[in-house]
Amino acid sequence: MRTRNLCLGAGIAALAAGPVAVLADDYDEDEIPWEVAEVFFELNDTDGDLGIHALVDGEAWKRLQIEDADERKMLGVSVRSRLRRQGLTEIFFESAEPTFDELAPETFFMRFPEGTYEVEGITLEGDEIESETEITHAMPAPPVPTVNDMPAAQQCDDEEPGFDAPFIVADEYVIAWDEVTMTHPSLGYPQNADGLVVLNYEVVVEAEFETDNGEEFTSVFSVILPPDVTEMTIPEEFMDQAEEFKYEVLVREESWNQTAFESCFLTEDDGD
Amino acid sequence: MHCGALTGLALLLAGNAFADKLLRDQVHQQYKDRSYMLIEDANGARLYLFANENTAASTLSLPSAEKSLVDMALDKVRQPDARARIRGLTELAGIDDPAALDAAVTLLMDPEQKVRDEAAILILDHPKGADIAAALGLIDEDAED
């Protein structure tokens, strides 16, 4: 593992390279693993875009580097000044997610080949933290959700033709979906393959409304569910806040690749 | 006068007063039964203990918590263990103290590569390190393109 992030000038290099010089890799054998080190893809099946994400968490660190399957550095984070004294523990990023018109899925996957990616870091004491994560192109098929058994809307923009947000009045609101067991039918590799191992599902519901003092507010209900749970009742207190709701059902497979489906529904007819 | 009011007055009067909550908490814990005035500035703090029935008035000079942290970090950079030296340098990162810069320049000749790297980062990061970095030819590979 390379740990040098600075080039010393010739003068200092000459000063340092004395007979007492010790190889920098002397204590590499004591590498510490990250608690979490995941690099994965997210597909928004509704909007048609793909992105690469990463979540890294562990002992306090001052330097982080991610190398791709060809051992080429694709991310370097160096913590500086007062934040270096404190150290970081967790970091999460999302890449840009251009639509398929701008970046075809095939091109996206070629950019990030399958294989073993290395997540390396340096602790505040100079020790190395390192974990490997396997990147695959296996994307889960999109979940097909319903709200109170009503099919999901395909067009949630009321200014676009085909707006079909369902109007639902009920005592309780249940978002449900069939278990996802296959890979995506037309994206990634392999396609339409069974045997997908689901890590978890995630349901996110958003309600936008104005507060009493006239400010716009977005309330978010979010829950992560185990793979054997395929429905979620939205709490009444959350539903009481608004009349228009957007929701997302996301399926995350074992290598953390995830596919999200977004839709919406209304709970009160606006009279149009 | 209540010690809280005195402390507040002292903070108003001290031109270079800076937040040193740890020090104030420590003083309060130790002298909460006395009347005192704590004056803090960039050089540390002075504690004026007022006389009471049992004790005469006195003055104490106290290092600030920030100063104490610098001193502790400087102690670490003198340790024989390379990990401790690296940690000490890390804890001096970005601190506008000439001692931090001196320590980093010294450790540019450390036998451990990792210590030398951290020392170079400290110099590049130091508010007054630019001239030394230029003179020594230190290059920041993390600088923006």
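Student: What stands opposite Asp41(B)?

Tutor: This is a predicted model, and in it Asp41(B) stands opposite Gly44(B), a residue of E2(B). The two strands concerned are E1 (residues 36-41) and E2 (residues 44-49) of chain B, which run antiparallel and are joined by 6 bridges.

Student: And how many bridges join E2(B) to E3?

Tutor: There are 5 bridges between E2(B) and strand E3 (residues 58-62) of chain B, and this pair runs antiparallel. Within E3(B), Ser61(B) is the residue that stands opposite Arg46(B).

Student: OK, so what order do the strands take in that sheet?

Tutor: The order is E1-E2-E3 in chain B, an open sheet of 3 strands with antiparallel pairing. E1 and E3 of chain B stand at the edges with a single partner strand each, so one side of each has no neighbour in the sheet. On average, and with direction ignored, neighbouring strands of this sheet are turned by 15° against each other.

Student: What does the rest of chain B look like, how many helices and strands?

Tutor: Chain B has 7 helices and 4 strands, and its elements, read from the N terminus on, follow the pattern α-α-β-β-β-α-α-α-α-α-β. Of the 145 residues in chain B, 33% are buried. If you take the contacts in chain B between residues at least 6 apart in sequence, 41% of them join residues at least 24 apart.

Student: Which way do H4 and H6 of chain B lie, parallel or perpendicular?

Tutor: The axes of H4 (residues 82-91) and H6 (residues 113-125) of chain B come within 9 Å and cross at roughly 10°. That angle makes H4(B) roughly parallel to H6(B), because angles under 35 degrees count as roughly parallel.

Student: Which residues make that contact?

Tutor: On the H4(B) side the contact is made by Ala82(B), Arg85(B), Ile86(B), Leu89(B) and Thr90(B), and on the H6(B) side by Lys114(B), Val115(B), Glu118(B), Ala119(B) and Leu122(B). Sorted by class, the contact of H4(B) with H6(B) has 6 nonpolar, 1 polar and 3 charged residues.

Student: Switching to chain A, what is the strand order in the sheet of 4 strands?

Tutor: That open sheet has the order E9-E8-E10-E13 in chain A, with antiparallel pairing. Strand E9 (150-151) and strand E13 (231-234) of chain A stand at its edges, each with a single partner strand, so one side of each is left without a neighbour in the sheet.

Student: How do E8 and E10 of chain A pair?

Tutor: E8 (residues 145-147) and E10 (residues 173-177) of chain A pair in the antiparallel sense, over 3 bridges. In that region Val147(A) stands opposite Ile175(A), which belongs to E10(A).

Student: Which peptide bond is cis, then?

Tutor: The bond from Tyr189(A) to Pro190(A) is cis, with omega near -5°. Pro190(A) lies in the loop between E10 and strand E11 (198-210) of chain A.

Student: Last one: how far apart are Ala104(A) and Asp49(A) in space?

Tutor: From C-alpha to C-alpha, Ala104(A) and Asp49(A) are 8.7 Å apart, while in sequence they are 55 residues apart. Ala104(A) is found in the loop between strand E5 (88-94) and helix H3 (105-111) of chain A, and Ala104(A) counts as partly exposed, with 13 C-beta neighbours inside 10 Å.

Definitions and conventions
Residues numbered from 1 in each chain as written. Chains lettered and ligands numbered in written order. Predicted model: local features only at pLDDT ≥ 70, side-chain atom pairs only at ≥ 80, totals over all residues. Axes fitted to C-alpha atoms, helices over the stretch in contact; angles between N-to-C directions. Parallel < 35°, antiparallel > 145°, perpendicular 65-115°, else oblique. Contact = placed C-beta atoms within 7 Å. Nonpolar A, V, L, I, M, F, W, Y, C, P; charged D, E, K, R; others polar. Pairing = 2+ DSSP bridges. Buried ≥ 20, exposed ≤ 12 C-beta atoms within 10 Å, placed from the backbone.
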